[in-house]
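I opened my notebook to look up a few local features in this model. My notes follow.

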Amino acid sequence: MRLSGPGALDIAGKIAPSFKGKPRYAQLVSLYDSDGSPIDEAIMLYFQAPKSFTGEDVVEFQSHGGMITASRILDRCMALGARPAEPGEFTKRAVLHGKMDLSQAEAVAKLIESKSVDAARILARQLKGELKEFVDTLRDALIEILAYIEVNIDYAEEDLPESLQKQIVQKLEAIDRKIRETLQVSKSREGLIEGFRVAIVGKPNVGKSSLLNALLRYDRAIISEIAGTTRDTIEEEIRIGTHLVRIVDTAGIRQSADTIEQIGIERSMQAAESADVVIALFDGSRPLESDDREIIGLLEKYRSEKKIIVAINKSDLPQQIDPGLLEPFAPVSVSARAGAPVLIEKLETVLSRSEAADETLLISKRQVDAAQKTDEAINRAFEFLESGELELFAYEINEAITAIASITHAFERDEILDKMFGSFCLGK
Ligand SMILES: Nc1nc2c(ncn2[C@@H]2O[C@H](COP(=O)(O)OP(=O)(O)OP(=O)(O)O)[C@@H](O)[C@H]2O)c(=O)[nH]1
Ligand SMILES: [Mg+2]
């Protein structure tokens, strides 16, 4: 448990009279309730402002844990004037006291929930200020351009010398390229930070639920020889290599007159739509039919935007399928009934393709929006530069500077802060 704020040490002294409050020194103390009855033996630590996570006086209790003891300590703290922290409030205070910038705070939140070792690596780098460096470099370059222009606005009668204009265009193009590249990489790595979603799709009875169970290694979903067994999507989290992946089993997709089945199929489509990886399953023991061709159509649609794995199931039975139509997707042969090691391997390869992750990444929608705004302002600036409207050009460059800087600093906008830290977990 952690207390932060000017009253922290005072409250700590009332709960643990023997606590000396020596900064950065672990002390074993006894904690007492208001009636003098002992609550627990605990280690207490004091971090004196500003040398603490929040930048304020901070006291930490390391008690023996358990809900009852912890809540007795909390109740006692609150009786002495403390209040529970809002979600993310500790980090918010750290930002407000200049202990970290917004991009680092976001990295804290995402690091706690990170779904893969790769993601954790990227976030740990951002915690050390990698994104700040990226933002500062771009901002400085934009300010330099602004400086050139401001000088020339003062001599408004004359046009911008051609050589200078050329130089500015080149510099601005380089900045914009960098922003667009980062946006693109960030989009393609979205799943890496948030965790990848994998959807298993196919017509009824091909063995989707059997495959889910094989991947999970326990009987999560009901399996039967009746087509249309799975009615609703089923989601589970599993570990594939160094990734935590959300895997979704779906209702078999086919033409159906049954209303409930139709709703289920609609959900299957949504699951495929929101997945990063689609596993399309076909039944090798039967010839392809029209419902399978629907699935192939779906794959063709997703080909450019998602990773697709095509698997032909029931390899233990005599094969009737003509895989001709599936050849372009390099299908793998599996038997979900016997387990799915081939598919796990395949998934691992597909997911780790995003590995060489040493690029700078934007890790939240807020950051992506800010970069997009920067790019838009720069594009408008280009037009004004071309038409020689230097004041408007300068205005747009200013807009771009504000937008890019908001990735690390947004103090003037309280709602942004509240919104951002509201999504943190309690106690951080
Ligand atoms: N021989 C054999 N049978 C399998 C294999 N995988 C699944 N089956 C059988 O195929 C039937 C359908 O399996 P499910 O996993 O329920 O199929 P599904 O695709 O989830 O079906 P719906 O939920 O109806 O869309 C069951 O009888 C399974 O036992 C396999 O690898 N080999
Ligand atoms: Mg099923």
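Is Q126 buried or exposed? I looked it up: Q126 is buried, with a relative accessible area of 0%. (Buried means under 20% relative accessible area, exposed over 50%, partly exposed in between, with a 1.4 Å probe and protein chains only.)

I note that this is a predicted model, where local features need pLDDT of at least 70, side-chain atom pairs count only at pLDDT 80 or more, and totals for chains, interfaces and linings use all residues. Residues are numbered from 1 along each chain as its sequence is written, chains are lettered from A and ligands numbered from 1 in the order in which they are written, and side-chain values use heavy atoms, with hydrogens and water left out.

**Helix α5**

I placed Q126 in helix α5. Leaving aside neighbours within four places in sequence, Q126 is in contact with Q104, A107, L131, L361 and I363. (Contact means heavy atoms within 4.5 Å.)

I then checked the helix itself, residues 117-127. In α5, D118, A119, I122, L123 and Q126 are buried. Seen down the axis of α5, these buried residues fall within an arc of 130°, so they line one face of the helix. (The arc is that of the directions from the helix axis to the C-beta atoms.) After α5 comes G129, with a positive phi near 105°.

**Helices α10 and α11**

I turned to α10 (residues 259-274) and α11 (residues 290-302). Their axes come within 11 Å and cross at roughly 30°. That makes α10 roughly parallel to α11. (Axes are lines fitted to C-alpha atoms, for helices over the stretch in contact, and angles run from 0 to 180 degrees between N-to-C directions; under 35 degrees counts as roughly parallel, over 145 as roughly antiparallel, 65 to 115 as roughly perpendicular and the rest as oblique.)

Which residues meet there? M269, A272 and E273 in α10 meet L298, K301 and Y302 in α11.

I found a cis peptide bond between A49 and P50, with omega about 0°. P50 sits in the loop between β3 (38-47) and β4 (58-62).

R217 is not a glycine, yet has a positive phi of about 65°. I found R217 in the loop between α9 (208-216) and β6 (234-240). R217 counts as exposed, at 67% relative accessibility.

Key: Helix = DSSP H or I, 4+ residues; strand = E, 2+ residues; numbered from the N terminus.
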